[in-house]
Amino acid sequence: MRDAALDLRAHKVRSVLAALGLFIAILSLVAVTTIGTVVREVFVAQDEQTNGRLWTMATTLDYGLVTEARLTEVTKELDRQVSATGGHYALQMERPGEAAPILDDFAGESESLRIVLATVDLNLVRRMPVLGGTWLPEGEAVFPDGVVLNDVASRQLGGSVGSRLRIRLSGNLLPYDRPVIGIVADGRREPRIYQSLRSALHFNPSITSSSGQGPELLVHYPGASQAMIREKMRDIGDALAAQDQGADPQVTSSLADFLTSLERTQRLISVVAAVTLFVAVVGLLNIGLATLRERTRELSLRRAIGATRKRVLGLVLTTTLTLSTLAAALAIGIAYIGVTWYVPRLLDPASAIDRPGFPWQAAVYGFIAAVAAGLSGGLVPAIAAARVDMIRVLRE
């Protein structure tokens with residue numbers, strides 16, 4: 001190792017050039033994997049904000065199921081059918097409405113928006129990061145309750161956590177005042193207010209029949225197939241015995257074809273990165289053989305002053321292995337800093353994009369490839385160096 005370190009220091013330019021191709025190849029392999037993950041996450045996060053997590057199925061229920069009297073019965077059945085088997089569910093209803101901030105008991109002009117009446121599990125079915133405050137609280141308590149604004153409604157109404165709004169659903173329903181307890185990013189471009197469905201039913205039992213569309217049931221099982229969730233939804237419909245006729249459960253996401261195309265593209269790009277790594281290995285081998293021709297006299301002199309064939313072979317092989325390992329370690333280190341420190345700073349908190357994890361699998365493959373490159377790129381020159389005819393070289 002000492003001789004290898006001295007050898008690298010004595011040939012700095014050659015060492016840097018030999019390691020540069022391997023460094024770029026490994027960095028490219030990690031970068032391609034990370035970029036593919038981020039690109040996938042960008043589209044998935046946007047879709048999961050607005051439509052539901054992969055995969056979520058939706059169906060419409062009858063009005064008769066969602067009343068204050070029957071909501072507890074329905075949620076108990078859903079807990080048994082879904083939550084107890086590792087899934088998540090939510091009920092949601094959208095209604096047109098108006099809201100205005102309350103300042104000194106004076107309500108300004110109302111803004112038209114959508115009011116979403118939902119169960120507290122909605123943020124488990126849709127990816128909605130909380131930008132401030134909290135999501136709708138757990139528990140059976142109805143009063144005092146609060147509302148959650150999406151970021152668009154927060155900007156338009158000037159509402160922040162702790163402020164109060166005067167809300168009115170369209171129709172003949174009376175207005176009511178509620179505190180703002182949270183701000184969420186829901187991926188919508190329109191202003192929306194989220195309120196507990198249970199609280200809304202307690203305040204006005206006729207709220208579910210004030211529009212032409214019944215409540216929507218969303219069911220999500222992490223990692224489950226669409227077919228499995230569809231079958232579960234049908235079981236739920238049979239158990240509740242009130243599913244709309246012909247309302248077959250539908251996938252809320254539209255990303256199936258896109259994800260298939262993206263995975264195919266990622267595989268092609270990974271092949272290109274692997275070819276780049278192979279070229280770097282060949283380049284390292286080429287540099288090793290070219291260097292051997294330049295160092296023939298030097299290695300012969302080492303033999304002449306007592307170096308054995310084994311020591312010469314070990315010197316050349318150790319030098320190449322050390323060079324490739326250092327190049328791999330430097331590339332992985334820079335990639336780790338970029339993925340864990342720099343990339344998260346480029347992400348908008350309102351986008352719901354998860355911070356990308358470091359692709360350790362790609363890094364390990366790159367490191368193994370670097371060691372293999374050091375072995376293959378150094379073994380052939382090392383054997384050739386150990387077989388140099390010392391007498392002939394010195395005679396020349």
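1. Basis. Residues are numbered from 1 along each chain as its sequence is written, and side-chain values use heavy atoms, with hydrogens and water left out. Because the model is predicted, local features need pLDDT of at least 70 and side-chain atom pairs count only at pLDDT 80 or more, while totals for chains, interfaces and linings use all residues.

2. Salt bridges. A search of the whole structure gives eight salt bridges, each being a side-chain nitrogen of Lys or Arg within 4 Å of a carboxyl oxygen of Asp or Glu. One of them joins Arg-114 to Glu-94, with the closest N and O atoms 3.4 Å apart; Arg-114 lies in strand β4 (residues 111–118) and Glu-94 in strand β2 (residues 88–103), 20 residues apart. Strands (E, at least two residues) and helices (H or I, at least four) are DSSP runs numbered from the N terminus.

3. Arg-192 and Glu-190 meet through their side chains at 3.0 Å, N to O. Arg-192 is buried at 7% relative accessible area, whereas Glu-190 is partly exposed at 40%, where buried means under 20%, exposed over 50% and partly exposed in between (1.4 Å probe, protein chains only). Shared partners join Glu-94, Arg-114, Glu-190 and Arg-192 into one network of salt bridges.

4. Strands β7 and β8. The side chains of Asp-177 and Arg-166 form a salt bridge of 2.9 Å, N to O, which links strand β8 (residues 176–184), holding Asp-177, with strand β7 (residues 164–169), holding Arg-166. Asp-177 is partly exposed at 27%, and Arg-166 is partly exposed at 30%.

5. Aromatic pairs. There are four aromatic pairs in the whole structure, counted when ring centres of Phe, Tyr and Trp (its six-membered ring) lie within 6.5 Å, with planes under 30 degrees apart called stacked, over 60 edge-to-face and the rest tilted. The rings of Tyr-336 and Trp-360 have centres 5.7 Å apart and planes at 45°, so this pair is tilted. Because Tyr-336 lies in helix α10 (residues 309–342) and Trp-360 in helix α11 (residues 360–386), the pair ties together parts 24 residues apart in sequence. Ring pairs link Tyr-336, Phe-358 and Trp-360 into a cluster.

6. Lining of a cavity. The residues lining the second largest cavity include Leu-169, Tyr-176, Phe-203 and Asn-204, a cavity being a set of points on a 1 Å grid over the protein atoms alone where a 1.4 Å probe fits but cannot get out, with lining residues having an atom within 4 Å of a point.

How values were computed
On a 1 Å grid over the protein atoms alone, a cavity is a set of points where a 1.4 Å probe fits but cannot get out, and a pocket is an open set with protein on both sides within 12 Å along at least five of seven lines; lining residues have an atom within 4 Å of a point.
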